[in-house]
Amino acid sequence: MGIYHLLWLIPALPLLGFLILAIFGLKMPNRAIGIIGCASIGLAALLTIIIGINFLTSPPTGNFYQQTLWTWFSVHGFSPAISFYLDPVSLIFTFVVTFVSFLIHWYSTEYMRGDEGYPRFFAYMNLFVFSMLTLVLANNLLLLYLGWEGVGLCSFLLIGFWYKEQENCYAARKAFIVTRFGDTAMIIGLFLLVKNFNTLNIQDILTKAPSLWQPGATTAFWAAILLLGGALGKSAQLPLQTWLPDAMAGPTPVSALIHAATMVTAGVYLIARMHVLYELAPVVQLIVAIIGAATLLIAGFSALAQRDIKRVLAYSTISQIGYMFLALGVGAWSAAIFHFMIHAFFKGLLFLAAGAVILAMEEEHDMFKMGGLRKKMPVVFWTFLFGSGALAAIPIITAGFYSKDQILFFALASTKGSFWLWLCGFVGAFLTAIYTFRMVFVTFFGEQKKEVHRKPTNSIKIPLIILGILSLIAGFIEIPKAWGNFAPFSSLMNKVMPQVQLAAGMENKEVLLEVITGIIALLGVYLAWQFCLKSPKVLYNFKTTGLGRFIDKFFFKGFMFDQLYDIILVRPVVWLSKIDKRDFVDRIYEAIGNLGLLLNKIFSRTQNGYLRWYVCGLVLGMAVALTIILFV
Amino acid sequence: MMTHIPPNEGLLLAAILFLLGLIGVMTRRNIIYILMCIEIMLNACGLAFVSAGAKWMQADGQVMFIFILAMAAAEVSVGLALILQMHNQHKSVDVNVLNQLKD
């Protein structure tokens, strides 16, 4: 049991790193900053692994460990605590957050070298890891919300990291404001839960909810859908997905860590955590599945037309989180978390490799201006290929196949699944293969259009190699049931999560589905090769036709969601504020200010600099006070 | 052998002394006189404590007087140092000169 008492250190170490860097960072040499920034996360990762091994070999009673540090506050019997809760779900999230963060921090020491904001970067990154760990380890929703807003803040700070360019600031503000819509819904959901349960302790809510609410109860519906709102904002799902592609304005390690591997999956974590609520509100769970399916298709189509390598990856992230939502929606909780883990490995890898390419190309993001980098940057090429293989779910040899295939199977086979949900996921898998390998072929094959400017060093190569290996082999901890009985991941998850309910007669269709998905992925790769390398003329000719141009532009702009929101939200607000510049509310506040000024003018005359005057005031005041005490 | 003084008369004397000191603080312009008037007020307080202690037969009054004595000594040393500085910088001991902090 001894080692569990160190649980609080896992979030505390990054916080300490942040404090040191924030206070002394400007006076420290860059080397020390890099060491502190990495060491705080590295130690947290090490501690997580040790605790994790302990947890797996000798699980604590009830499969959870709770550590209460202190009571946050206490009002009318509502007393949330600063308390950490470790169970298999939070263990997996903590492991991924600390481990992937460590690799990305390591990579950043090289990537950010020479940037004037070096200490600021690592301070923000450490603060982010602290917030994310608070989010996943919190035992009550209020502490979770603290972490939730903390990661939102860090996301804002890091998207606008290069704040001297105005576009980056716009992107940062957009991310902040769009997620605010979701967060507002979420906090209202929390109020609703407090009103019903008088507590925000997650486990208490989960155990009490089934006795308080019937399945399909109206309150359960509202609670679930309001929390879903928060999840949609943070995880960039329809209709709040528009901020994520613009969030690529930040440094590439930030995109890798926050906008791909960890923060954007917080929504998945929230829904998985509150799974009982969603089972009590089947309508909302269906909405989750539909939103996931719609998002993965829209993002997949949008990714097809992007030219910026980071935007392709951003849309693919939205699309992959769509898969996780699809899994959550059909009740395949374990599959969603499994895909989260695998996705964190390969998407972190893809962003880091893309970052290495961007460094080599002197901040060039347009992949059509790169080309032929295969020979010049072999390590980056091979690791990028592994990551792309996992993203496209190339059968058998990549980890992505095992996780995505599981989701597709459950989308069809679960009692909550349907043929249409499966079809969306299936088409999405096809699109994924096409846009992923379009990116690979355009960037690394063909003729070289630009010289390699900066070769990747070891601090860039080693994280890439580690993540590359994981993108290949991490899937083997969850072999499909049809192949053999080896699934330690889901058996770990099922200790605390309900198992997915299969519809009758679906078990033996798994192999058939796997074959179909495998073929479609390979077909996608072939199509990408055909149209991007072998005969790009065909595509080019199509794009010059009227219809082709329209489709290309429509996909490139991400289904015009930005333009739509501009018309229905931004412009009315701007118009209203324009015609309503001087309304009476302003007058009230102006009057308060003027009153203050007036009083100031009167009383400042009493301060005339004569000692005698002050003493008289003192005596007069004392006389009044004495009179009141003695005679009233 | 001390003559026994009725406590009420002691308190009355203390009040008169205190008022005298207060009037001095309010009317004087010379800062040295102001400081001395403050001393008078402090000693009036001390007398009030001692008289009250005698009235209720408690030693606390005399203890407080010793406190006041110590504090008055400290206050005078600081006050005199300030007066020296004031004389150095303004070549005057008139408090009305010191009105630069007015609004």
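1. In this predicted model, the C-alpha centres of domain 1 and domain 2 of chain A are 55 Å apart. Domain 1 of chain A covers residues 547-581, and domain 2 of chain A covers 585-631.

2. Next, the contact between the chains. On chain B, 10 residues are in contact with 10 residues of chain A. The side of chain B that touches chain A is made up of five nonpolar, three polar and two charged residues.

3. The largest nonpolar core holds 206 residues. Its members that touch the most other members are L326(A), A327(A), A336(A) and V357(A). Helix α15 of chain A, residues 333-360, supplies the largest share of this core, with 22 residues.

4. V357(A) deserves a separate entry. Leaving aside residues up to four places away in sequence, V357(A) touches I309(A), M370(A), L373(A), V380(A) and T443(A). Another core, of five residues, lies apart from the largest one; A14(B), A44(B), A48(B) and F49(B) are among its residues.

5. Helix α4 of chain A runs over residues 118-137. The length of helix α4 of chain A agrees with expectation, because its 20 residues at 1.5 Å a residue should span 28 Å and its end C-alpha atoms are 29 Å apart. As for burial, α4(A) is mostly covered, with 19 of its 20 residues buried.

Notes. Residues are numbered from 1 along each chain as its sequence is written. Chains are lettered from A and ligands numbered from 1 in the order in which they are written. This is a predicted model: local features need pLDDT of at least 70, side-chain atom pairs count only at pLDDT 80 or more; totals for chains, interfaces and linings use all residues. Two residues are in contact if their C-beta atoms, placed from the backbone, lie within 7 Å. Ala, Val, Leu, Ile, Met, Phe, Trp, Tyr, Cys and Pro count as nonpolar, Asp, Glu, Lys and Arg as charged, and the others, Gly among them, as polar. Domain bounds come from an automatic or database domain assignment. A nonpolar core is a set of buried Ala, Val, Leu, Ile, Met, Phe, Trp, Tyr and Cys residues joined through C-beta atoms within 7 Å. A residue is buried if 20 or more other C-beta atoms lie within 10 Å of its own, exposed if 12 or fewer, and partly exposed in between; C-beta atoms are placed from the backbone. Helices (H or I, at least four residues) and strands (E, at least two) are DSSP runs, numbered from the N terminus. The expected span of a helix is 1.5 Å times one less than its number of residues.
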